[in-house]
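Subject: Structure handover and notes

Dear colleague,

Please find the structure below. My notes on what was found in it follow.

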Amino acid sequence: MSQKKTTERELSCTSCSSLWQKQGSTNCWSAPGSKPAKPGYCPSEPHAATIEESFRAYQGDDFDARLARVAAKVEGLCYQPVPGSDAVNARWSRVEDLLALAKLMGFTKIGIATCIGLLDECSKLSDILRAQGMVPYSACCKAGSIDKLKLNLQEEDKVRPGTFEPACNPIAQARILNAEGMEMNIIMGLCVGHDMLFSKYSAAPVTTLVVKDRVTGHNPVAVLYGQNFYYKRLQKQPVLSDEAVAKHRADLDKNIQGEEA
């Protein structure tokens, strides 16, 4: 079967993959004056105005600007240099990244939209959040226990035909957490599509900790699967000390005040 031809040109950031493998740099990741060539249809060409306008949003003093700064700060904190080398090592798991961002943003009420199949992992994450001085709220995907057949599906559409099977209710999850006043929400293994609906209806910013993948064992959640080193350490040691949190917040506030002046 022949593929349908299209007159549209596809964005081709993937064209830089071979260049990155060979040189460890691309046009986007190079200092001025030493930039490799751009790919044939680099998004930075037709969307230059969008890129500049979007970046200006990060230079303001509103929530989006602060979140962008904190995310950049956390990106730097999660790596550490290798003495005597220009290499760096990642020192934090995704859970630690999440905790650091919440602390630097000042978030304490954390919502968890969890798949019913990850209740144990959700419980462990809640333990860690409490140990780090936060208050976790969780809402399960099967909230309300409404029969999946009411979605006009057939018996054979169930995971286990012939049994009662409640439908996932991601909009309800979002609205429940909205009503409780969450400052940040975490997706824990919601199905593809259900995660989209949850993100669409969530009033608080959303990050994903666990991507459901039944075949690989939800690999991103490995830190909660039997790796007691992380689990025990995160219940006993803060990712960032109170002094470090205060310093980084002060630095961020100083940056905002400097740009206002």
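pLDDT is the predictor's confidence in each residue, on a scale from 0 to 100. The chain averages a pLDDT of 86, and 87% of the residues score at least 70. This is a predicted model, in which local features need pLDDT of at least 70 and side-chain atom pairs count only at pLDDT 80 or more, while totals for chains, interfaces and linings use all residues. Residues are numbered from 1 along each chain as its sequence is written, and side-chain values use heavy atoms, with hydrogens and water left out.

Overall make-up

There are nine helices and six strands in the chain. These are DSSP runs numbered from the N terminus: helices are H or I with at least four residues, strands are E with at least two. Of the 261 residues in the chain, 34% are buried. Buried means under 20% relative accessible area, exposed means over 50%, and partly exposed lies in between (1.4 Å probe, protein chains only). Among contacts between residues at least 6 apart in sequence, 61% join residues at least 24 apart.

The expected span of a helix is 1.5 Å times one less than its number of residues. For helix 4 (residues 94-105), with twelve residues, that gives 16 Å, and its end C-alpha atoms are 16 Å apart, in agreement. Helix 4 is largely enclosed by the rest of the structure, because ten of its twelve residues are buried. Among them are Val95, Glu96, Leu98 and Lys103. Gly106 follows helix 4 and has a positive phi, near 80°.

Nonpolar cores

A nonpolar core is a set of buried Ala, Val, Leu, Ile, Met, Phe, Trp, Tyr and Cys residues joined through side-chain atoms within 4.5 Å. The largest one has 34 residues, and Leu99 and Leu240 have the most contacts inside it. Helix 4 gives the most to this core, with eight residues. Leaving aside neighbours within four places in sequence, Leu99 is in contact with Ile128, Leu129, Gln132, Met134, Leu234 and Val239. A second, separate core has twelve residues, including Ala113, Ala139, Ala174 and Leu177.

Cysteines and Lys148

How many disulfides are there, if a disulfide is a pair of cysteine sulfur atoms within 2.5 Å? By this rule the count is zero. Cys28 is in no disulfide, and the nearest cysteine sulfur, that of Cys42, is 5.3 Å away. Cys28 is exposed, at 65% relative accessible area. Cys122 is also in no disulfide; its nearest cysteine sulfur belongs to Cys140, 8.8 Å away. Cys122 counts as buried, at 5% relative accessibility.

Lys148 sits in the loop between strand 4 (135-140) and helix 6 (170-179). Lys148 is buried, with a relative accessible area of 14%. Not counting residues up to four places away in sequence, Lys148 touches Leu153, Glu165, Pro166 and Ala167.

Regards

Methods: Contact = heavy atoms within 4.5 Å. Disulfide = S-S within 2.5 Å.
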